[in-house]
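Please open the model in your viewer and keep the sequence beside it.

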Amino acid sequence: MSSETLDEVRRIAADVFGRDENLLGADSSPEQVETWDSVQHLTLVLALEARYGVEFSPEEMERMKTLGDIAGLVGSKIR
Amino acid sequence: MAIEIRPFSAEWRNSLREFNARLAATGTPLPEDPDAEMQPGSTMYVAVEDGAVRGGYILRPQTFSIRGALRRVAHFRLPVSEGAVNRAYARVGPLLVRSALQAEPLLYALGMRGFDRPLPRLLGAMGWSVSSIPLFFRVARPARFLRGIRAAREARWRASLMDLAAWTGTGWIGLRGWQWARSLQPRGGIEWDTADDFGSWADEVWGAAQAEYGMTAMRDARTLSELYPAGNKRFVRVRVNSRGWAVVLDTAMEGDRYFGDLRVGTIVDSMARPRDAAAVIHAARRYLEGRGVDVIVSNQSHAAWGAALRADGFFAGPSNFLFAASKELAALGVPATEMHMNRGDGDGPVHL
């Protein structure tokens, strides 16, 4: 995963979760971010799909446990 | 270990029990004996992680008539996720929905108890079309109804009725009079009876009516006999010659959150050509009033059935009975007022 992709995922996640981008990192997960519930998780996924023109399969969605995981999946699809 | 979604089998029963216990405070559990608790043709899927159940849902493929053509549409029921109690599993809810959509693109959900609940919010975020199916009610015994509704903890009904009574300008007497006046419209000598089961007459009704609806689940005799088995005496089939029918329930409530201890008549399901809806509603209402119910309720989405209920003295009340259509189903472009959906759809009248 490139740091550019991670930065963009962090920026979009900060917007979705209503959090300061600087407080989000590759290890950020729902346990640490209070506003990261099922609906916001889905909103993040849909926002990323729209931003990158990709679609995540259920199997890929299952692997989205942290922002780093998500950025890695995005990176693998746009490569 | 990754979460996998699999059809439920007995090997997951203990894990499912533990899952339901963890989610006990959040609402409806997944059925622990699915074969006994699900509608015919349903399959329950569970999301399993290293032997532990983390979520699940039920799919029931059905045949629908959409603008007269038969299509496969599935009912998406009870998606429940560990994410409701543990944010570490926030991904499970969206995963369940996307998994179901992958299997059945034409998908709908029904009920859901209000727009502010997690499921309709989740589906709305995914671009599903979510709308409420209007609720209609008619007070058959005003004095008992007023006493009963006061006992109910839920104030929405009472507020709604007080508003209506105030609107008539004369309170309960006005309400009763208004219902009576509305139901005096000529009905042209409607002949009706009750039937012990659905026979070939129901196929005739289906054949004549099917193409006149933008969208409706199949209601031929075979399907109806599965939904409303002849052996189940709760279901009463009110038949209006070969023009149409309604399935009604007469339920003595006990401490219900909406109805307290009232005796509630429900027009659960119905089918007729739209122009014959008024005759069916009139017959069903007369039957239920004859049984002595306190109030009669019905959820109906189609404009003709709503108009028939209003013409028979029913009021529209607050509805938290929602219909959600997946993007692909909504893209077929059938307006809600041309869909024939009611409490007989989805998981059926299990809560009535």
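**The seven-stranded sheet**

Begin in chain B by selecting an open sheet of seven strands, whose order is 8-10-11-12-13-7-14 and whose pairing is mixed. Strands here (E, at least two residues) and helices (H or I, at least four residues) are DSSP runs numbered from the N terminus, and two strands pair if DSSP finds at least two bridges between them. Strand 8 (193–195) and strand 14 (315–317) of chain B are the edge strands, each pairing on one side only. From one strand to the next the twist averages 35°.

What you are viewing is a predicted model, in which local features need pLDDT of at least 70 and side-chain atom pairs count only at pLDDT 80 or more, while totals for chains, interfaces and linings use all residues. Residues are numbered from 1 along each chain as its sequence is written, and chains are lettered from A and ligands numbered from 1 in the order in which they are written.

Within the sheet, select strand 10 and strand 11 of chain B, which run antiparallel and are joined by five bridges. Here B:Val238 stands opposite B:Ala246 in strand 11 of chain B.

**Helices on the sheet**

Two residues are in contact if their C-beta atoms, placed from the backbone, lie within 7 Å.

How many of the 15 residues of helix 10 of chain B are buried? The number is 11, so helix 10 of chain B is largely enclosed by the rest of the structure. A residue is buried if 20 or more other C-beta atoms lie within 10 Å of its own, exposed if 12 or fewer, and partly exposed in between, with C-beta atoms placed from the backbone. Among the buried residues of helix 10 of chain B are B:Ala277, B:Ile281 and B:Leu288, and what covers the buried residues of this helix includes helix 11 (303–311) of chain B. Just after helix 10 of chain B, select B:Gly292, which takes a positive phi of about 95°.

Next, select helix 8 (residues 200–209) of chain B, which lies across strand 10, strand 11 and strand 12 of chain B and runs at about 65° to strand 12 of chain B.

Strand 2 of chain B pairs with strand 1 (residues 4–7) of chain B in the antiparallel sense over four bridges, and runs antiparallel to strand 3 (residues 52–66) of chain B, to which seven bridges join it. Select B:Ala47 in strand 2 of chain B, which has B:Ile5 opposite and also stands opposite B:Gly55 in strand 3 of chain B. Strand 2 and strand 3 of chain B form a hairpin with two residues between them, and B:Asp50 in the turn has a positive phi of about 50°.

**The whole of chain B**

Finally, zoom out to chain B, whose secondary structure comes to 12 helices and 16 strands. Buried residues make up 45% of its 352 residues.

Conventions:
Axes fitted to C-alpha atoms, helices over the stretch in contact; angles between N-to-C directions.
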